[in-house]
Amino acid sequence: MPIELPSLPYPKNGLEPYLSAETLEFHHDKHHQKYVSKLNGLIKDTEFAAQSLETIITTAPIGPIFNNAAQVWNHNFYWRCLTPNGEQQPEDPLAEAIDSSFGSYDQFKAQFNQAATDLFGVGWVWLVKDGAGVVSILATKDADNPLKHGRIALLTCDVWEHAFYIDYRNDKARYMQAFWQVCNLRFAEERYRAN
Ligand SMILES: [Fe+2]
C-alpha cells in the first residue's frame with residue numbers, strides 16, 4: 001500500500017487570519033504532497049514498501065528515504081497540532097507536567113518561541129515526553145524528529161520557511177505568535193494521556 005497524503009482536518013481557510021488558505025494550499029497540497037510522492041517512489045520495490053511510516057523512520061539510515069518519510073510524518077502531525085478553535089489553556093495532567101518542567105504555560109511558550117528563533121536553517125520545534133512522563137522542548141534540524149530520539153511527540157511547530165513565508169515573509173517571530181492562536185492543546189493533551 002502506498003503512503004497516502006491525509007486530508008487537512010479543517011477547511012483551507014479554517015486557520016485564517018493567522019495562517020492563510022494560500023499557505024495551507026502550498027504547504028499541504030504542494031510541499032507535503034511532494035514528500036509523499038517522493039517517498040513512494042523511493043520505497044517502491046524495496047524492503048520499506050510494506051512498512052509503516054513509523055517503522056521506516058526508526059529503521060531507515062539517514063538519507064533520502066528517512067528524510068522524506070520523516071517529513072511526511074512531521075507534516076501529518078503538524079496539521080493535527082493546529083485548530084480553528086485555538087486560544088486554549090492546557091488542562092491537567094499536561095498542565096501539571098508543563099508547570100513542573102517550565103514553571104508556567106507562559107514560560108513554556110517563551111522557551112518554545114526561543115527554540116524556534118535559535119534554530120539556524122530549517123527544522124521543527126517539539127514538545128516531547130520521555131518515559132518518566134517529563135516534558136521538554138526538542139528542536140530538530142531538517143527532517144529529524146522525536147521518533148528517532150526515543151521521545152514521544154506531543155506538539156510541533158514547523159519552522160521551515162515554507163510554513164510562514166507567504167503570510168509573514170522572513171518574520172519567524174510573528175509566525176510563532178500566530179501559531180499559538182491556532183495551537184491545538186487538546187491534541188497535545190490526548191497524546192500526553194495516551195502515551
Ligand atoms: Fe512544512
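I take helices (H or I, at least four residues) and strands (E, at least two) as DSSP runs, numbered from the N terminus. The model is predicted, so I note that local features need pLDDT of at least 70, that side-chain atom pairs count only at pLDDT 80 or more, and that totals for chains, interfaces and linings use all residues. Residues are numbered from 1 along each chain as its sequence is written, and side-chain values use heavy atoms, with hydrogens and water left out.

**Entry 1: cis peptide bonds**

I looked up Pro93 and found it in the loop between helix H3 (64-80) and helix H4 (94-102). The peptide bond from Asp92 to Pro93 is cis, with omega near 5 degrees.

**Entry 2: positive phi**

I recorded a positive phi of about 60 degrees at Asp45, which is not a glycine. Asp45 sits in the loop between H1 and helix H2 (53-59). Arg169, also not a glycine, has a positive phi of about 50 degrees and lies in the loop between H6 and helix H7 (172-181). For context, most residues other than glycine have a negative phi, and most peptide bonds are trans.

I then checked accessibility, where buried means under 20% relative accessible area, exposed over 50%, and partly exposed in between (1.4 Å probe, protein chains only). Asp45 is exposed at 74%, and Arg169 is exposed at 51%.

I list as donors the N, O and S atoms within 2.8 Å of the metal (3.2 Å for Na, K and Ca); water is not among the atoms, so sites may look incomplete. The iron ion is coordinated by His27 (NE2), His75 (NE2), Asp158 (OD) and His162 (NE2), at 1.9 to 2.1 Å. His27 lies in helix H1 (residues 21-43) and His162 in the loop between strand E3 (152-158) and helix H6 (165-168), so this pair ties together parts that are 135 residues apart in sequence. Both His27 and His162 are buried.

**Entry 3: the sheet**

I count two strands as paired if DSSP finds at least two bridges between them. An open sheet of 3 strands has the order E2-E1-E3, with antiparallel pairing. Strand E2 (135-141) and E3 stand at the edges with a single partner strand each, so one side of each lacks a neighbour in the sheet. Strand E1 (residues 123-129) is joined to E3 by 6 bridges, and Lys129 stands opposite Ile152 in E3.
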